[in-house]
Amino acid sequence: MSKTIIEVKDVKKVYNQGKPNELVVLKDIDMKVNREEMIGVFGPSGSGKSTLLHIIGCLDRPTSGKVYIEGKDVSGLTDDELALIRGQKIGFVFQQFNLIGSLTALENVEMPMRICNVEKRKAIKRAKKLLSSVGLGERINHLPSQLSGGEMQRVSLARALANEPDIILADEPTGNLDSKTGKEIINLMEELNKKGFTFVIITHDPLIAKCASRKLNIKDGKIWR
């Protein structure tokens, strides 16, 4: 098994290509992420960080170049094939939590498994186990509106782990949290990283910079070594 889990080769992303308002967001990006790394991606707003994360996460496609997930070129896959990769290989954590407000914590974590046709009883059992592992065993029946920001982000982490992905992609996971709660989420991500999960984290948080095994800096659509 290759130690490289994500590889980006010569990726460029252009919006409105060929038009007067053409916008080049990423320019000739090359990067590799090894298994069990925790990569921190830093850069000013508008530098292309989130676009890169979306391309790695199969939420967007590069204009040119290649993206490999566990050695598989995902650049030319169909929408259905990309959805399958996302469901099986990648978990997402977002700054805004992206929880469904009408669903309980348990139902939010259960949902990705149900989408991937996991039997309901098995999905519920795993969702309960995951919520307990992030310290929310007593809050499983609460709606997002009944949870604090830190608790919602813990639900997001549990949901990201639902289908046992190898890769967790996080976009400003501590951005909406106070410093104490943010530190708790960082500690939780560190624990998960030690258990073998690979993290790529878009962030401005200096605490993540301290714990990241490697840092990448993006400016003007390019990675600066």
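What follows covers backbone angles, a helix, a strand residue and the cysteines.

**Ground rules.** I am working from a predicted model, where local features need pLDDT of at least 70 and side-chain atom pairs count only at pLDDT 80 or more, while totals for chains, interfaces and linings use all residues. I number residues from 1 along each chain as its sequence is written, and side-chain values use heavy atoms, with hydrogens and water left out.

**Positive phi.** Cysteine 58 has a phi near 60 degrees. I placed cysteine 58 in the loop between α1 (49-56) and β4 (64-69); helices (H or I, at least four residues) and strands (E, at least two) are DSSP runs, numbered from the N terminus. Cysteine 58 counts as buried because its relative accessibility is 2%; the cut-offs are under 20% relative accessible area for buried, over 50% for exposed, and partly exposed in between (1.4 Å probe, protein chains only).

Glutamate 172 also went on my list, with a positive phi of about 50 degrees. I found glutamate 172 in the loop between β7 (167-171) and α6 (179-194). At a relative accessible area of 12%, glutamate 172 is buried too.

**Helix α3.** Which residues of helix α3 (residues 105-115) are buried? I noted Ala105, Leu106, Asn108, Val109, Glu110, Pro112 and Met113. Their cover includes α4 (120-133) and α5 (149-160). I kept a reminder here: an α-helix has 3.6 residues a turn, so residues three or four places apart point the same way. Just after α3, I saw that asparagine 117 takes a positive phi of about 65 degrees.

**Tyrosine 68.** I looked at this residue in strand β4 next. Tyrosine 68 is partly exposed, its relative accessible area being 22%. What does tyrosine 68 contact, leaving aside its neighbours within four places in sequence? I wrote down Ile5, Ile6, Glu7, Lys9 and Asp73, taking contact to mean heavy atoms within 4.5 Å. For glutamate 7 I also checked the C-alpha separation from tyrosine 68: 5.0 Å, with the two residues 61 apart along the chain.

**Cysteines.** How many disulfides are there? I counted zero, using the rule of a pair of cysteine sulfur atoms within 2.5 Å.
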